[in-house]
Amino acid sequence: MTQNIKYIIIFLIISFTFLMEGIAQESYLLKELRIPQVAQENPGAIIPYDAHVCFPLLGKIHVGANLPISPYGDVMSLSDELLKKLKKNNAIRLWYQMDPIHFGFRINKKNYFSITTAIKTDMNITLKKDLFSFIVKGNAPFEGQELSFLGNDFLSFNLYAEIGLGYNREINDNISFGVNAKYLSGLFNAHTSQAELLLYTGEKYHALEIKHTLQGKIAAIVDIDSIVPGDIAKNLKNHGFAFDVGARYRINQLFEVSASVLDIGLIKWKTNAKQYSVDNKTFSITGMGYDDIISDTGLLRTNIDPNGYLREIADSIGNSLFSDLEETSSYIKWLNLRFNVGGSIYASPNDRFNFTFTGKFINGVFIPSGCVSYHRTCGKWFDFAIGNTFKTNAIFNPGLGMNLTLEVFQLYLAVDYTNTIIYIDRVKNLNVALGVNFVAPLSKAKVFKASYPY
């Protein structure tokens with residue numbers, strides 16, 4: 001059991017690490033700005049430079065979160081009011097991306113090549129409302145009832161490194177397309193394909209019965225039993241590939257449409273791969289009852305050890321859950337595919353209104369979202385975008401993105417879909433991207449009718 005628990009611990013450590021770095025790979029306003037990184041959201045977007053190179057480690061830092069409740073305001077006050085805000089299924093989604101190296105250059109005016117590297121992670125945990133009800137109220141109010149804590153899309157976690165080669169082609173001022181081909185090296189993966197955790201409270205409410213079904217797999221680049229720095233280089237065996245495709249088309253002086261499909265690919269996980277396969281397994285635990293607290297004489301017992309009961313419950317759950325984790329040779333896991341479909345309406349050469357619909361697939365579950373925005377170009381040195389994102393857990397999510405370019409130095413920042421801009425205790429959605437580039441302006445005075453006028 002000790003070895004298996006270590007795999008769970010390393011998963012929690014990695015999750016916590018990325019939370020501390022900024023609580024991604026999903027963006028809206030970022031792709032409207034005049035920066036080379038737009039090709040990561042749509043490989044067919046116009047790149048208005050002859051060349052670019054990112055500041056080392058700061059080309060792009062992108063972090064984000066979608067939460068069912070506010071981690072500050074709601075969690076700090078567990079009450080019935082919190083339960084009213086929850087749905088039957090509640091997803092916690094976190095993502096992070098850092099680009100250590102990113103550069104590109106134009107050849108023959110219409111062809112743009114780019115080299116990218118990235119560290120990416122995305123995590124999705126889905127919990128049912130019954131679990132929060134159990135935490136807030138305990139199990140006593142549910143005597144004789146069955147509570148459901150987990151669903152099939154319970155867990156999806158990916159951590160991997162990426163090296164990419166991008167190609168963008170401008171056929172003319174109205175049409176462009178592009179593709180990013182990417183090699184992937186998997187670092188950590190955990191996911192479930194089937195999950196169910198049921199809690200039944202008997203007539204004596206401290207008697208609990210837990211029934212679970214779980215099909216899942218886990219792999220880590222480091223052998224957690226003996227972590228040695230050299231092991232990381234030796235265990236770079238989780239190879240994968242992916243590609244992105246995208247295009248844009250300027251219909252006329254007023255309308256433009258675009259589309260992209262991202263992260264079409266997979267990783268074959270070999271290093272320290274394990275699988276978990278349990279179908280409808282049941283075990284019982286006993287909590288502290290009345291007789292454990294009150295003696296036969298009606299007095300409070302003096303030898304009460306609540307921590308002992310908690311340890312017994314934890315050991316019972318741990319022994320049952322982790323004893324079924326077994327080694328497997330390898331397995332294939334597809335990335336969480338994402339697509340964008342959008343359009344723009346040009347009010348003037350410097351003003352345009354944009355709309356985007358985004359779909360993402362996580363553990364086979366389709367997650368929709370959308371955004372409307374306004375973009376303004378202020379000469380060669382500054383542009384900005386403001387907009388609102390529509391998420392399934394909140395309709396009002398305003399955001400602001402801006403880009404400052406002074407000669408060859410470029411600094412950009414986008415704060416996307418915050419569900420509130422005033423009350424910190426209500427924040428549950430956040431998406432932040434920032435970076436520093438050095439760019440080479442176009443060598444000729446070209447006017448991009450489709451996107452970025454000069």
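Buried here means under 20% relative accessible area, exposed means over 50%, and partly exposed covers what lies in between, using a 1.4 Å probe and protein chains only. This is a predicted model, in which local features need pLDDT of at least 70 and side-chain atom pairs count only at pLDDT 80 or more, while totals for chains, interfaces and linings use all residues. Residues are numbered from 1 along each chain as its sequence is written, and side-chain values use heavy atoms, with hydrogens and water left out.

Let's start with Ala433, which is buried because its relative accessible area is 2%. Ala433 belongs to strand β20 (residues 429–440); helices (H or I, at least four residues) and strands (E, at least two) are DSSP runs, numbered from the N terminus. Leaving aside neighbours within four places in sequence, Ala433 is in contact with Leu30, Ile61, His62, Tyr412, Leu413 and Ala414, where contact means heavy atoms within 4.5 Å.

Val439 lies in strand β20 too, and its 3% relative accessibility makes it count as buried. Not counting residues up to four places away in sequence, Val439 touches Pro36, Tyr49, Ala51, His52, Thr405, Glu407, Val408 and Gln410. For both residues, here are C-alpha separations to a partner elsewhere in the chain:

**Helix α3**

In helix α3 (residues 129–137), Leu131, Phe132 and Ser133 are buried. The buried residues of α3 pack against α2 (80–84), β3 (89–99), β5 (111–128) and β6 (146–170). After α3 comes Gly138, with a positive phi near 80°.

**Rings and charges**

Rings of Phe, Tyr and Trp (its six-membered ring) pair if their centres lie within 6.5 Å; planes under 30 degrees apart count as stacked, over 60 as edge-to-face and the rest as tilted. By this rule there are 13 aromatic pairs. One of them joins Phe361 and Phe366 in a tilted arrangement, 5.2 Å centre to centre with 45° between the planes. Phe361 is partly exposed at a relative accessible area of 36%, and Phe366 is partly exposed, its value being 36%.

Tyr374 and Phe384 make an edge-to-face pair, 6.3 Å centre to centre and 70° between the planes. Tyr374 sits in strand β16 (residues 365–378) and Phe384 in strand β17 (residues 382–390), so this pair ties together parts ten residues apart in sequence. Phe384 counts as partly exposed because its relative accessibility is 21%. Ring pairs link Phe353, Tyr374, Trp381, Phe382 and Phe384 into a cluster.

A charge sits over a ring if NZ of Lys or CZ of Arg is within 6 Å of the ring centre and within 35 degrees of the ring normal. The charged end of Arg250 sits over the ring of Tyr346, 4.0 Å from its centre, and Lys360 lies over the face of Trp95, at 5.9 Å from the ring centre.

**The largest cavity**

On a 1 Å grid over the protein atoms alone, a cavity is a set of points where a 1.4 Å probe fits but cannot get out, and lining residues have an atom within 4 Å of a point. The largest cavity is lined by 25 residues, of which Lys31, Glu32, Asn42, Glu256 and Ser258 lie nearest its centre. Two or more lining residues come from each of β10 (255–269), β14 (338–348) and β15 (351–362), with β14 giving the largest share, six residues.

Definitions and conventions
On a 1 Å grid over the protein atoms alone, a cavity is a set of points where a 1.4 Å probe fits but cannot get out, and a pocket is an open set with protein on both sides within 12 Å along at least five of seven lines; lining residues have an atom within 4 Å of a point.
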